[in-house]
Amino acid sequence: MSDVPVCVIGCGPIGLAASLLLSRHGVPVLLVERRSELNTHPRSRFVDANTMELMREFGVEKMVEDSGLGPDWTAYNRWAVDLATTPYAELESPTFLSVPGPDSPCLPVMTVQDEVEKAMMTRVVDDPSISMHFDTEVVELTQSDVETTLILRDTRTDQRRTVTSTYTLGADGPGSSTRAVIGTTLEGSPQPIHMQDVIFHADLSPYVGDRKGALLYTQPSAGVLIFQPLDGVRRWRCQVSTGQPDLISEKAIRTRILASLGTSDDVELDIVSMRMWQPTPGATTRFSHGRIFLVGDAAHVSVPTGGLGNNAGFSGARNLAWKLAYVLRGLVPASILDTYEEEHKPVALERIEYGVATTTVMGRMMLGHRAGMDVSEHIEGTKRYADYDYLLRGYELSSELIAPNLEPAPEFVDPARDFRPLVRNGWRAPHVWVDDAETESVLDWYGNDYVLLVGPECDAESWQVAMAELPGGVPIEVRRLPAERPVAPYEKDGVVLVRPDAVIAQHLSHAGGTTDLSAVTPYLPTMAH
């Protein structure tokens, strides 16, 4: 017997999320991290509404929301020569905007990665099912037909120990060493740009003025600088194009930043940390092999544009965790794990492609403006930067776990931007409030078991009896939508089968008083499948 059911390598946001999801399903986890602490130089900065719904499941939604920027910062992205100059492009960013909307119980939050990690860590440290170890490096990882074996080194003492786990998840980021163990590589395309990431403290309010934005692009003569407010007060990140792969000096960076403020003032800058990176979007040739799986940036890497990469990582962890838990609990065969890559890889690839396309059109806008050209066409294309809710919430999964859709896919004028919630197989289940105080969402019913959601005009008791008579298999709960509340886009006489990751597996229109198990049971995975 293995020492632990699952070992998770990497204590970034995706490793933390995967651990919490597995624990929620009753699966003990060993979480190891070679660093001595959480990330001190945060990279990701946007938590979309889908991911915030996951934070709601973890019970940290309010903590993450409180750490974010307000709508005065998130309403626009802006492009100008420098911070003090009137922008030549001011584009609304509805996907970033931190205001309540009808399609989710949660707000999207523009906050920094270390705040999200700190929020999740408050749950990890109190969770008896998660054994977490900093200063722990995986120096060797192998697998057999029945388990994985890890040799762990304490980086403080150099002591080594051997641990076995039934499965291992590599959540070890874009530089993942787990990839090589399963014989895969990142098929990425390095972009022709090098960016120096700078975290600093300064009061830039005199130069920003009323031109606040989630992203403030500047184009002084020396090159592009992207100012990103981290707390809306004094904490900033600036991405500086350098044209070289090595870090330039703090003095040179300070000069570049000051030149982008549009002032001759001697502004006090407290530089905290600097990192160099080159965008290399792409995905690995495979997401798993045997008992080892890749999640997050270990499996797929996006350009930073739009915050698509980190949020895709959360989505992938959520897709995999319940399947892994059900296998470990003996509820379903291990073959169900093949659907992780089958379902999630197309989503990751679509987001990678979208981010690259958006970055390209934005780059043309900036180059054209510098050359004195008419850039109105490129400005229109750059509206995609932070207006892509359909991409985030309207994606459609496909596998043997999901019934084929009989109706055609919805058509929109702009497939990325014109989102509306639908009850459709392979889609995220729509949000509706189920209480008059609007504090409980139907999404709060999902997370552990399958849920058979029946409309208020259906016979919930008959479905309950029918489901109770099913011979074993996955846990399923029958829940009825309230008759006194609006339930659209759910049908009042409809039935919807929802997976633990809140994805619709099957839906029946106009079910009324019927109890048609034959349409539902093929999409309830069992050991017989």
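This is a predicted model: local features need pLDDT of at least 70, side-chain atom pairs count only at pLDDT 80 or more; totals for chains, interfaces and linings use all residues.
Let's start with Met121. Leaving out residues up to four places away in sequence, Met121 touches Cys11, Leu16, Leu38, Met132 and Phe134. Met121 lies in helix 5, residues 113-124. Is Met121 buried or exposed? Its relative accessibility is 11%, under the 20% cut-off, and therefore it counts as buried. For a sense of span, take Met121 and Asp493. They are 372 residues apart in sequence, and their C-alpha atoms are 42 Å apart in space.

Now the helix packing. Two packed helices are described by the angle between their axes and the distance between the axes. I'll give both for each pair.

Pair one: helix 1 and helix 5. Their axes come within 10 Å and cross at roughly 25°. That angle is under 35 degrees, so helix 1 and helix 5 are roughly parallel to each other. The crossing of the two is left-handed. Who makes the contact? From helix 1, Pro13, Leu16, Ala17 and Leu20; from helix 5, Gln113, Glu117, Met120, Met121, Arg123 and Val124. By class, the residues where helix 1 meets helix 5 divide into 7 nonpolar, 1 polar and 2 charged.

Pair two: helix 1 again, now with helix 9. Helix 1 covers residues 13-24 and helix 9 covers residues 308-328. The axes come within 9 Å, crossing at roughly 25°. Helix 1 and helix 9 are therefore roughly parallel to each other. Which hand does the crossing have? Helix 1 passes helix 9 in a right-handed crossing. On the helix 1 side we have Pro13, Ile14, Ala17, Ala18, Leu21 and Leu22. On the helix 9 side, they meet Asn310, Gly313, Phe314, Ala317, Arg318, Ala321, Leu324 and Ala325. The class count for helix 1 with helix 9 is 11 nonpolar, 2 polar and 1 charged.

Helix 2 is residues 49-58, and its axis comes within 9 Å of the helix 9 axis, with a crossing of roughly 50°. That makes helix 2 oblique to helix 9. The crossing here is left-handed. Helix 2 contributes Asn50, Thr51, Leu54, Met55 and Glu57, while helix 9 contributes Asn311, Phe314 and Arg318. By class, that contact has 3 nonpolar, 3 polar and 2 charged residues.

Stay with helix 9 for a moment. Asn319 lies in helix 9. At 3% relative accessibility, Asn319 counts as buried. What does Asn319 touch, leaving aside neighbours within four places in sequence? Thr339, Tyr340, Glu343, Leu397, Arg499 and Asp501. Compare that with a separation along the chain: Asn319 and Met373 are 54 residues apart, and their C-alpha atoms are separated by 46 Å.

Next, the cores. The largest nonpolar core has 90 residues. Which residues have the most contacts inside it? Met55, Phe58, Met120, Leu169, Leu452 and Trp463. Helix 9 gives the most to this core, with 9 residues. A second, separate core has 48 residues, including Ala89, Met195, Leu261 and Tyr388.

A closer look at Leu452. Not counting residues up to four places away in sequence, Leu452 touches Trp463, Met467, Ile476, Glu477, Val478, Arg479, Val495, Val496, Leu497 and Val520.

Last topic: backbone geometry. Where is the cis peptide bond? It joins Ala488 and Pro489, with omega at about 15°. Pro489 sits in the loop between strand 22, residues 476-480, and strand 23, residues 495-498.

Then two residues with positive phi, neither a glycine. Asp135 has phi of about 55°. Asp135 lies in the loop between strand 7, residues 130-133, and strand 8, residues 136-143. Its relative accessible area is 8%, so Asp135 is buried. Ala502 has phi near 65°. Ala502 is found in the loop between strand 23 and strand 24, residues 504-508. With a relative accessible area of 2%, Ala502 is buried.

That's the tour. Questions, please.

Note on methods
Residues are numbered from 1 along each chain as its sequence is written. Side-chain values use heavy atoms; hydrogens and water are left out. Axes are lines fitted to C-alpha atoms, for helices over the stretch in contact, and angles run from 0 to 180 degrees between N-to-C directions. Helices (H or I, at least four residues) and strands (E, at least two) are DSSP runs, numbered from the N terminus. Angles under 35 degrees count as roughly parallel, over 145 as roughly antiparallel, 65 to 115 as roughly perpendicular and the rest as oblique. A crossing is left-handed if the near helix is turned anticlockwise from the far one by less than a right angle, and right-handed if clockwise. Contact means heavy atoms within 4.5 Å. Ala, Val, Leu, Ile, Met, Phe, Trp, Tyr, Cys and Pro count as nonpolar, Asp, Glu, Lys and Arg as charged, and the others, Gly among them, as polar. A nonpolar core is a set of buried Ala, Val, Leu, Ile, Met, Phe, Trp, Tyr and Cys residues joined through side-chain atoms within 4.5 Å. Buried means under 20% relative accessible area, exposed over 50%, partly exposed in between (1.4 Å probe, protein chains only).
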